[in-house]
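Visitor: Please give me a close look at a single part of this structure. Pick one, and show me how it sits in the rest.

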Amino acid sequence: MNLRISFLAKSRAPGIPPIPIAHFTGDFASLEDARKIAFEDAGRPQITAESIVIQSIDEGVLEYWVRNGSEWQLGDPGAVTGDAEEDWGP
């Protein structure tokens, strides 16, 4: 599964999208594997991301994850894209 993982820093102010830190595109065995790797990499000192976007090249998959303490929770992709959540399909 070809996916792009984007690591983002915390937004500087309400209403302003998070700041991109790094991007990686690669082949993963599954979406779950990509999540696991992304969550592990987000905590590395070189990255320390506050949120992650995982998307497929064809945009059939789009997930926005936000750090909540030591846990990750699904967030609204509109926080990054400016689009409403309902614009992102099922």
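Guide: Of the 90 residues in the chain, 30% count as buried. Buried means under 20% relative accessible area, exposed means over 50%, and partly exposed lies in between (1.4 Å probe, protein chains only). The model is predicted: local features need pLDDT of at least 70, side-chain atom pairs count only at pLDDT 80 or more, and totals for chains, interfaces and linings use all residues. Residues are numbered from 1 along each chain as its sequence is written, and side-chain values use heavy atoms, with hydrogens and water left out.

First, its setting. The chain holds two helices and five strands. From the N terminus, the elements run β-β-α-β-β-β-α. Helices (H or I, at least four residues) and strands (E, at least two) are DSSP runs, numbered from the N terminus.

Now the sheet. Its five strands form an open sheet in the order β2-β1-β3-β4-β5, with antiparallel pairing. β2 (19-27) and β5 (71-74) are the edge strands, each with a single partner, so one side of each has no neighbour in the sheet. From one strand to the next, the twist averages 25°. Axes here are lines fitted to C-alpha atoms, for helices over the stretch in contact, and angles run from 0 to 180 degrees between N-to-C directions. Two strands pair if DSSP finds at least two bridges between them. Strand β1 (residues 2-9) and β2 share eight bridges in the antiparallel sense. F7 has A22 in β2 as its bridge partner.

Back to the helix. α1 has 12 residues, which at 1.5 Å a residue should span 16 Å; its end C-alpha atoms are 16 Å apart, in agreement. The expected span is 1.5 Å times one less than the number of residues.

Which residues of α1 are buried? They are L31, A34, R35, A38 and A42. Seen down the axis of α1, these buried residues fall within an arc of 100°, so they line one face of the helix. That arc is taken from the directions from the helix axis to the C-beta atoms. An α-helix has 3.6 residues a turn, so residues three or four places apart point the same way. On the other side of α1, E32 and K36 are exposed.

What does the buried set pack against? The buried residues of α1 pack against β1, β3 (51-56), β4 and β5. Contact means heavy atoms within 4.5 Å.

The whole structure holds three aromatic pairs. Rings of Phe, Tyr and Trp (its six-membered ring) pair if their centres lie within 6.5 Å; planes under 30 degrees apart count as stacked, over 60 as edge-to-face and the rest as tilted. F24 and F28 have ring centres 6.2 Å apart and planes at 80°, so this pair is edge-to-face. F24 is partly exposed at 45%, whereas F28 is buried at 9%. F39 and W65 are also an edge-to-face pair, 5.2 Å centre to centre, with 75° between the planes. F39 lies in α1 (residues 31-42) and W65 in β4 (residues 62-68), so the pair ties together parts 26 residues apart in sequence. F39 is partly exposed at 23%. W65 is buried at 11%. F39, W65 and W72 form one aromatic cluster.
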